Amino acid sequence: MYQIDVTTASQTLPAPSAAGTPGYFTDGDAKTPPTIVPADFMNMMMMEFLNVLMAVGIIPSKTTDNQVVTAIERIVEAKAGDYAVETGVANAYVVALSPAVTAYTAGLQVKFRAKHANTDACTLDAGGGVVPLLRDDGSALVKGDIGPNAIVTATYDTDAAGFLVAAIVPSQLGALAKLNIGALLTNDGNGNLAVRVSDPLGALSAIQVHDGNPNGAVAGNAGIAGTAAPSTCWDTANKIWWVCTTTGTAATGVWSRSVPGSAALANASSATGTVAAVSGAGAITPGQLAVFSEKNGTLEASGQSLSTINATTITSTETGTVIQPGTYAVDTTDGPVTLLLATTLAGLYTFLDPKNNWTTNNFTVSGNGNNIGNIPSNVAPTFIANVSDYQFSIVATNAYWRLV
């Protein structure tokens with residue numbers, strides 16, 4: 001679709017003639033002359049089509065013959081999905097809401113289709129003025145967080161004085177790490193997630209994952225003394241690490257278990273200075289604290305869980321308890337646990353699953369009268385943790401608890 005551009009075309013839009021009696025085109029006959037198509041009628045038809053393109057930001061092209069249908073499809077899509085098509089430029093998005101707004105209020109939600117990928121921090125003008133368009137944690141967007149033609153939902157937050165994107169964006173890989181994923185993911189700078197597939201030794205990943213014993217199933221690299229560590233594999237079935245001791249394919253590579261309590265460790269005794277084996281085969285249980293004897297140089301298990309050293313342990317007997325800011329190891333082995341945050345918004349809470357039982361028996365955090373989250377589609381008075389081997393934190397803001 002393109003506007004008439006021949007040399008005889010007028011550079012200004014001529015005034016249309018006065019409206020007459022509506023009728024129809026005819027080729028003419030003995031009694032009726034053929035219909036003459038006036039310039040003002042053709043101008044009207046041309047401008048109607050051009051305005052369809054302008055409504056969705058399509059630039060007219062002489063070499064494209066499907067622009068009108070493309071524009072109509074986008075308009076229909078926008079109406080069906082209840083979103084607007086933005087009309088700004090990269091990093092400065094502009095949206096016309098219907099009905100229009102002249103000021104922003106807390107919780108105002110805007111949904112729009114971005115024409116441009118962002119290349120830096122962004123702003124949004126939805127009728128009430130230009131304000132920052134931010135990640136859901138209140139920080140600035142970075143290159144590639146918004147892709148071309150992406151559907152963006154954002155909510156106005158008075159504390160941030162800007163719109164918060166209501167979804168995790170590519171630069172927020174830290175949020176993925178809370179679910180134990182993202183360790184091998186990276187942002188390629190263009191809004192895409194990429195996997196790091198090589199280590200200093202060659203073409204295999206330094207850290208791999210397999211459901212069970214990797215011998216006969218996973219290829220690996222052996223370590224080169226003094227230059228690089230060997231490839232490792234996390235056994236998701238047995239919850240242990242394996243170390244590649246012999247380079248090979250999936251069929252020939254050799255993996256050895258890395259289990260606390262099964263190998264000789266350096267002696268911490270100042271009396272002997274020798275290398276002492278662990279006291280008893282498998283004497284140290286994974287997750288317990290190992291201690292050195294000052295007298296005989298042996299290594300023994302303390303019997304104390306590491307989680308109780310660094311965090312207060314909570315069990316099902318404490319369900320319904322109001323707790324103060326701190327770090328808590330929540331053990332749901334004997335049943336679900338519900339904890340209430342302090343009624344006053346202050347401080348930081350961190351929770352971890354030391355026994356990997358949150359999938360079986362859920363752990364619930366109650367905001368104790370204050371909402372958890374501030375995005376209308378996600379806000380809730382409670383938060384349920386139902387993923388094992390999981391860790392997350394909750395921090396106070398001026399008006400709600402925020403997951404971090």
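The following dialogue examines the terms applied to this predicted model and the values behind them.

Visitor: On what basis are the residues and values reported?

Guide: This is a predicted model, in which local features need pLDDT of at least 70 and side-chain atom pairs count only at pLDDT 80 or more, while totals for chains, interfaces and linings use all residues. Residues are numbered from 1 along each chain as its sequence is written, and side-chain values use heavy atoms, with hydrogens and water left out.

Visitor: How many helices and strands does the chain have?

Guide: The chain has four helices and 25 strands. Both are DSSP runs numbered from the N terminus: helices are H or I with at least four residues, strands are E with at least two.

Visitor: What makes a residue count as buried, and what percentage of the chain is buried?

Guide: Buried means under 20% relative accessible area, exposed means over 50%, and partly exposed lies in between (1.4 Å probe, protein chains only). Buried residues make up 30% of the 404 residues.

Visitor: What share of the contacts joins residues 24 or more positions apart?

Guide: Among contacts (heavy atoms within 4.5 Å) with a separation of 6 or more, such residues account for 51%.

Visitor: Why is aspartate 5 said to form a salt bridge with lysine 62?

Guide: A salt bridge requires a side-chain nitrogen of Lys or Arg within 4 Å of a carboxyl oxygen of Asp or Glu. The closest N and O atoms of aspartate 5 and lysine 62 are 2.8 Å apart, so the pair meets the criterion. The pair links distant parts of the chain, 57 residues apart: aspartate 5 is in the segment before H1, and lysine 62 is in the loop between H1 and helix H2 (67–81). Aspartate 5 has 43% relative accessibility and therefore counts as partly exposed, whereas lysine 62, at 58%, counts as exposed. By this rule the count comes to three salt bridges.

Visitor: How do you know that arginine 135 is buried, and which residue does its side chain contact?

Guide: Arginine 135 lies in the loop between S5 and S6. Its relative accessibility is 14%, so arginine 135 counts as buried. Its side chain makes a polar contact with the side chain of aspartate 137 at 2.9 Å. A polar contact is a pair of N or O atoms within 3.5 Å; within protein, one must be able to donate a hydrogen and the other to accept it, and residues adjacent in sequence count only if both atoms are side-chain atoms. Arginine 135 and aspartate 137 also form a salt bridge, with the closest N and O atoms 2.9 Å apart. Aspartate 137 is partly exposed, because its relative accessible area is 33%.

Visitor: What makes aspartate 331 and lysine 355 a salt bridge, and where do they lie?

Guide: Their side chains meet at 3.6 Å, N to O. Aspartate 331 lies in the loop between strands S19 (326–330) and S20 (337–340), and lysine 355 in the loop between strands S21 (348–352) and S22 (363–366), so the pair ties together parts that are 24 residues apart in sequence. Aspartate 331 counts as buried because its relative accessibility is 13%, while lysine 355, at 46%, is partly exposed.

Visitor: What is meant by a nonpolar core, and which residues have the most contacts inside the largest one?

Guide: A nonpolar core is a set of buried Ala, Val, Leu, Ile, Met, Phe, Trp, Tyr and Cys residues joined through side-chain atoms within 4.5 Å. The largest has 21 residues, and those with the most contacts inside it are Tyr93, Phe112, Leu124, Leu133 and Phe163. Strands S3 (109–113), S4 (122–125), S5 (130–134), S6 (151–157) and S7 (162–165) each give two or more residues to this core. S6 provides the largest share, three residues. Leucine 124 touches residues including Tyr93, Phe112, Leu133 and Phe163. A second, separate core of 20 residues includes Leu341, Tyr349, Ile372 and Tyr390.

Visitor: Why is valine 337 called buried, and where is it found?

Guide: Valine 337 is found in strand S20. At 0% relative accessibility, valine 337 therefore counts as buried. Its contacts beyond four places in sequence include Ile314, Val330, Asp331 and Phe363. The C-alpha atoms of valine 337 and glycine 320, 17 residues apart along the chain, are separated by 7.5 Å.
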